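This briefing goes through one protein chain by topic, from its overall build to individual residues. Please keep the sequence and the model at hand while reading.

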Amino acid sequence: MKSSQYAALSKVPAITLGFWIIKILATTFGETAGDTVSMSWLGETTATAGQGGLNGYLVGTAIFLTALVVLVATQIRSLRFHPWLYWSTIIASTTAGTTMADFATRSIGIGYPGGSLLLLGMVLASLLLWYQTEGSINVADIHAPGTEVFYWVTITLSQTLGTALGDWVADGPLGYLGAASLFGLALVILALLYWQTAVSRVALFWAAFILTRPLGATVGDFLDKPLASGGLELSRSAASAALIVAIILLIIFVPQRTLSRGDKTTD
């Protein structure tokens, strides 16, 4: 199939610098927005947590997963790439990932290490099953409903993994800023591997996609967590509003085109 035909069928944006900037902002927004709903509005970090018989993380997960399922179904039914639909689905996956990870690590009690390892196994299993079923995990090959399902399942699991992993690292001696710096450095190393080596672009894409989530998670936590915990204690709602405005402006002003099979990032 020719590159032009792939472009016509693709509903995934080209992997450009703008893509990564919006992705990092979306993951940061997912952390602050998820915390706003589960912790602030549903009271999981208040003195009355659990007194109403509802778990805020579980209710938040139900809300965001419902939105995610609707958006993924709409994305699959769509005949072409729609930037607003695509990024809305990404945002739904990252907010759902935040509340799902918090529910697993805090409410179920498997902790950050257990949650991170479990979710890493699930991401790898999703990629393996995707590869065995479709013969490729290259995002340029996403041009059929079945492949799209694998894509969005893997993305959502990676967003959930990133939250647990970010919380795990930030909970240690590095703190929020140290953890964000560590994940940022890891992304710089991946960028150098991309530009200076012949390492698989597909492998580098998924590694970077996964690592942008804990970067966003730690930055989001730094913005809204208490001063005593090393955060800035900013309003979660205000931080979320500022982030979503930035995302909207980038979607409007950063050129959005579909990914084609001939793009260098898919080699």
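Throughout, a residue is called buried when its relative accessible area is under 20%, exposed when it is over 50%, and partly exposed in between, with a 1.4 Å probe and with protein chains only taken into account. The model is a predicted one, in which local features need pLDDT of at least 70 and side-chain atom pairs count only at pLDDT 80 or more, while totals for chains, interfaces and linings use all residues. Residues are numbered from 1 along each chain as its sequence is written, and side-chain values use heavy atoms, with hydrogens and water left out.

**Overall build**

- The chain has 9 helices and 0 strands, where helices (H or I, at least four residues) and strands (E, at least two) are DSSP runs numbered from the N terminus.
- The radius of gyration, taken over C-alpha atoms and compared with a globule rule of 2.2 Å times the number of residues to the power 0.38, is 18 Å for this chain, close to the 18 Å that the rule gives for 267 residues, so the chain is as compact as a globular protein of that length.
- Along its principal axes, the C-alpha trace spans about 60 × 40 × 40 Å.
- Of the 267 residues, 51% count as buried.
- With a contact defined as heavy atoms within 4.5 Å, 77% of the contacts between residues at least 6 apart in sequence join residues at least 24 apart.

**Surface and charge**

- The chain exposes about 11,900 Å², of which carbon and sulfur atoms supply 71%; accessible areas come from the Shrake-Rupley method with a 1.4 Å probe, and for residues only the protein chains shown count as cover.
- There are 13 positive and 14 negative side chains, and the centres of the two sets lie 12 Å apart.
- In that count Lys and Arg are positive and Asp and Glu negative, with His and the chain ends not counted, and each charge is placed at NZ of Lys, CZ of Arg, CG of Asp or CD of Glu.

**Salt bridges**

- Side chains of opposite charge can pair when their charged atoms come close.
- Taking a salt bridge as a side-chain nitrogen of Lys or Arg within 4 Å of a carboxyl oxygen of Asp or Glu, the count comes to 8.
- One of them joins D167 and R106, whose closest N and O atoms are 3.7 Å apart; this pair links distant parts of the chain, since D167 belongs to helix α6 (residues 145-170) and R106 to helix α4 (residues 83-107), 61 residues apart.
- In this pair D167 is buried, at a relative accessible area of 5%, whereas R106 is partly exposed at 30%.
- K225 pairs with D221 at 2.8 Å, N to O, and also with D224, where the closest N and O atoms are 3.4 Å apart.
- Salt bridges that share partners join D35, D221, D224, K225 and R236 into one network.
- Within this group K225 is buried with a relative accessible area of 9%, D224 is buried with 4%, and D221 is likewise buried.

**Two individual residues**

- Most residues other than glycine have a negative phi.
- E233, although not a glycine, has a positive phi of about 55°.
- E233 is found in the loop between α8 (201-224) and α9 (236-253), and is partly exposed, with a relative accessible area of 48%.
- T27 lies in helix α2 (residues 17-41) and is buried, with a relative accessible area of 0%.
- Not counting residues up to four places away in sequence, T27 touches T94, Q159, T212, R213 and G216.
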